[in-house]
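Open the model in your viewer and keep the selection tool at hand. We will go from stop to stop, and each stop tells you what to pick.

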Amino acid sequence: MIRISPTMLPSDTHLELHSAWLSLIMQGAYSEIYLIDSKTHRIIQANKAARRNLQYTAAALYKLKFSDICQLNTGDSLCDLSAIFDAPPIEYPSHCIRRDHSTYPAELRIFKSPSNIAGHVIAICNDLTASYASAHALSTSESRFHAIVSNTPGLVYQFLLGLDHSVSFPYLSAGCQALLGISGRQLRANPALFVQHIQEEDRASYLTTMAESAATLKNWNWEGRIHIEKWNDIKWINLRATPRVIEGQGVQWEGVMTNITQSKQEQFEIRQSRTQLAELSAHIEHIKDLERTRIAREVHDDLGGNLTAIKMALALLIRRLPANEAALLEKAQYVDSLADRSIESIHRIAADLRPSILDIGIVAALEWHSREFAKQSGVACHFHSNREDIDLGPEPAAALFRVFQETLTNIGKHAQASVVQIKLALNRRCVSLTVTDNGRGIAAADQRKPKSFGIRGMIERTHALKGEFLIDAAPQGGCRVRIKIPLSVSKQNAP
């Protein structure tokens, strides 16, 4: 095969070949390309991109000088292009002028024409409108980002866990110094400083949660304490970050670290306050039970004794009344019946204040109260215990009885039930009481009512014994109340 190079062709053929290639390149290019007469500066040829951007027809464009449609941003009108003909083809910042006199930024390059097209130069313009818009958008985005970061409390950061398990901080906001007591430059230079700041007992959870987040790509959320040696201070911080895989590098998180010391202190104070309130509530209930016991004893022994003496004296008087004093005898018998009713009331009041049957045991007390409730309400009560006797201390027994008493009271008032199942059980770890009715149940909203003091009191009594209280829907409809009291508490309160 014979290869023919352009130098082997006749000069006319060579020129035609160059012209064909130039036309092909010009028309297919996205950049604006102009062929310019180096003497007159008139535009001899322009490609489609140039005509489209400038909004000229070819005939109209070829009547113009290049300086009519393109000028340097320095203000030079390029009327004397010969000054840059001999210069290397470098970039000139410029702007192009459309037919409607609007302008757009451009990048200009001037090239000498081939020797066989002497007297001409080639100008290439690239429209920079999109680039400028992108740069402006990027600048605006960066400004917004820095504004958000600068007003975000805490430390905004990027954390990279490399494939070789190395760690680094590609980005740290200015909040690094305020939060950790070290500058971002120091931490980037020595990333291990962060782990060294974490309290030793909290480091394991930090590393574990990081590994879990890296493995599952779920958000990383960690709370722990850091020690700022510079200030001799311990802070609680919260770390929240979102992971993503960076190909060939590892897993990178973007997130925020914030100082939560104050909220932790407030949580501690709230828990402490709740504990103190619970202790106070338990103490008040204990004092109330002691006072009930004292009042019940005095009512039973003092008033009951006096009424019994009155009844005995009244019986003696009735026997000595003359048989013909029917009116007096009727009055005396009425007073005697009043004394009987008063004695019954005293027994009932004393039992309500503190059932003496509690002295026999919690099983007997609950079974007795079940029967009493059934008599008064007409609701059938079925009591079952897996032990004949359960040895509880006085306080746990009294608390469990009061909770049971309130439970039956609520059933009588609200449940509209016809049957109540009561199960008392003793196992190795706790004493449990389950009360189930077949009534209309209880809504969750009713449990949270501000004035649900009955339920709240039951919860407080149970929690005072470190027990569990649960109220929910029964499997077959109705309501179920479950109470569990640990045996350790029962033994501690035993006499």
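## Stop 1: a strand pair and its sheet

Helices and strands here are DSSP runs, numbered from the N terminus (helices are H or I with at least four residues, strands are E with at least two). Before you go on, note that this is a predicted model, where local features need pLDDT of at least 70, side-chain atom pairs count only at pLDDT 80 or more, and totals for chains, interfaces and linings use all residues. Residues are numbered from 1 along each chain as its sequence is written, and side-chain values use heavy atoms, with hydrogens and water left out.

Now show all of β7, residues 155–162. It is joined to β8 by 4 bridges, and the two strands run antiparallel. Two strands pair if DSSP finds at least two bridges between them. Strands of a sheet pair through backbone hydrogen bonds, either parallel or antiparallel.

## Stop 2

Side chains of opposite charge can pair when their charged atoms come close. A salt bridge here is a side-chain nitrogen of Lys or Arg within 4 Å of a carboxyl oxygen of Asp or Glu. The count comes to 11 salt bridges.

Select glutamate 201 and arginine 225. Their closest N and O atoms are 3.5 Å apart, in a salt bridge. The pair links distant parts of the chain, 24 residues apart: glutamate 201 is in helix α10 (residues 200–216) and arginine 225 in strand β9.

Glutamate 201 counts as exposed, at 52%. Arginine 225 is partly exposed, at 23%.

Next, pick lysine 264 and glutamate 223. They form a salt bridge with closest N and O atoms 3.0 Å apart. Lysine 264 lies in helix α11 and glutamate 223 in strand β9, so the pair ties together parts 41 residues apart in sequence.

## Stop 3

Go to helix α13, residues 362–377. Lysine 375 and glutamate 372 both lie there, 3 residues apart, about one turn of the helix. Their side chains meet in a salt bridge (3.7 Å, N to O). Lysine 375 is exposed, at 66% relative accessibility. Glutamate 372 is partly exposed, at 23%.

## Stop 2: two positive phi values

Select glutamine 416, in the loop between α14 and β13 (419–426). Its phi is near 55°, a positive value in a residue other than glycine. Glutamine 416 counts as exposed, at 70% relative accessibility.

Last, select lysine 466. It sits in the loop between α16 (453–464) and β15 (468–473). What is its phi? Lysine 466 has a positive phi of about 60°, although it is not a glycine. At 67% relative accessibility, lysine 466 is exposed.

Terms used. Buried < 20%, exposed > 50% of the residue type's maximum accessible area, 1.4 Å probe, protein only.
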